[in-house]
Amino acid sequence: MAEEIATLAGGCFWCTEAVYQNLKGVKAVESGYIGGMLPDPTYEQVCSGATGHAEAIRVRYDPAVISYGDLLDIFFATHDPTTLNRQGNDIGTQYRSAIFPHSPEQAAEAKAGIERAQVDQANPIVTAIEPDAPWYPAEDYHQKYWERAGDRNPYCMAVIPPKLAKLRKGFAERIDG
């Protein structure tokens with residue numbers, strides 16, 4: 001079984017991670033930081049907006065089961081790719097919409113994914129395609145946050161269920177279980 005990696009930033013990583021955890025072909029999802037200047041940033045440093053990092057997820061997946069294009073289509077359907085440096089009430093460059101391709105093929109597919117998604121958007125997509133950069137896993141307490149603690153967090157309860165509803169509505173065949 002081959003395994004590939006997709007790195008996506010779509011706002012709060014707790015919210016993005018929850019979307020990808022139960023997809024067929026997804027082996028693991030890790031929350032972390034990418035695209036900034038400071039090595040080994042902490043959550044507090046990233047939240048300040050001063051490091052340049054995005055909150056992101058790194059998805060390990062089996063491309064024989066789910067394609068990179070499918071992961072991108074889910075990405076665009078479950079966050080707002082038309083708001084610059086913002087997802088809902090989360091404002092700042094750390095919440096930007098960005099794709100970090102790991103190969104020229106992924107970069108080409110990212111461009112194609114933006115074009116596919118634009119058809120369903122009233123406003124222009126502002127998702128950036130950024131160069132791959134050092135990846136810094138988020139602190140342990142951020143990993144699998146929705147699964148562990150999300151239902152006790154009012155923010156998560158307001159944001160994640162609508163994302164999961166969009167996932168079930170548009171991609172039911174991709175959900176494991």
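This note sets out the fold of a predicted model, point by point.

1. Overall composition. The secondary structure of the chain consists of six helices and eight strands. Read from the N terminus, the elements follow the order β-α-β-α-β-α-β-β-β-α-β-β-α-α.

2. Overall dimensions. The C-alpha trace of the chain spans about 40 × 35 × 35 Å along its principal axes.

3. An open sheet is formed by six strands, arranged in the order E7-E6-E1-E3-E2-E8, and its pairing is mixed. At the edges stand strand E7 (128-129) and strand E8 (135-137), each of which pairs on one side only.

4. Strand E2 and its two partners. Strand E2 comprises residues 26-34 and pairs with E8 in the antiparallel sense over three bridges. Within this pairing, Tyr33 stands opposite Tyr136 of E8, and Gly32 has Pro137 of E8 as its bridge partner. E2 also pairs with E3, again in the antiparallel sense, over eight bridges. Here Glu30 has Arg58 of E3 as its bridge partner.

5. The next two points concern the packing of H3 against other helices.

6. H3 with H4. Helix H4 comprises residues 104-118, and H3 packs against H4 at an angle of about 40°, with the two axes 9 Å apart. Because of this angle, H3 is classed as oblique to H4. The crossing in which H3 passes H4 is right-handed. On the H3 side, the contact is made by Tyr68, Gly69, Leu72, Asp73 and Phe76; on the H4 side, by Gln106, Glu109, Ala110, Gly113, Ile114, Arg116 and Ala117. By class, this contact of H3 with H4 comprises six nonpolar, three polar and three charged residues.

7. H3 with H6. Helix H6 comprises residues 154-171; H3 and H6 pack at an angle of about 130°, and their axes are 10 Å apart. H3 is therefore oblique to H6. H3 passes H6 in a right-handed crossing. Asp73, Ile74 and Ala77 of H3 make the contact with Lys166, Leu167 and Phe171 of H6. Sorted by class, the contact of H3 with H6 has four nonpolar, no polar and two charged residues. The reader may note that Asp73 of H3 is listed in the contact with H4 and in the contact with H6.

8. H1 with H6. The axes of helix H1 (residues 13-20) and H6 come within 9 Å and cross at roughly 35°. The crossing of these two helices is right-handed. H1 contributes Trp14, Cys15, Ala18 and Val19 to the contact, while H6 contributes Tyr155, Cys156, Val159, Ile160, Lys163, Leu164 and Leu167. By class, the contact of H1 with H6 has 10 nonpolar residues, no polar residues and one charged residue. Leu167 of H6 takes part in the contact with H1 and in the contact with H3.

Conventions: Residues are numbered from 1 along each chain as its sequence is written. This is a predicted model: local features need pLDDT of at least 70, side-chain atom pairs count only at pLDDT 80 or more; totals for chains, interfaces and linings use all residues. Side-chain values use heavy atoms; hydrogens and water are left out. Two strands pair if DSSP finds at least two bridges between them. Helices (H or I, at least four residues) and strands (E, at least two) are DSSP runs, numbered from the N terminus. Axes are lines fitted to C-alpha atoms, for helices over the stretch in contact, and angles run from 0 to 180 degrees between N-to-C directions. Angles under 35 degrees count as roughly parallel, over 145 as roughly antiparallel, 65 to 115 as roughly perpendicular and the rest as oblique. A crossing is left-handed if the near helix is turned anticlockwise from the far one by less than a right angle, and right-handed if clockwise. Contact means heavy atoms within 4.5 Å. Ala, Val, Leu, Ile, Met, Phe, Trp, Tyr, Cys and Pro count as nonpolar, Asp, Glu, Lys and Arg as charged, and the others, Gly among them, as polar.
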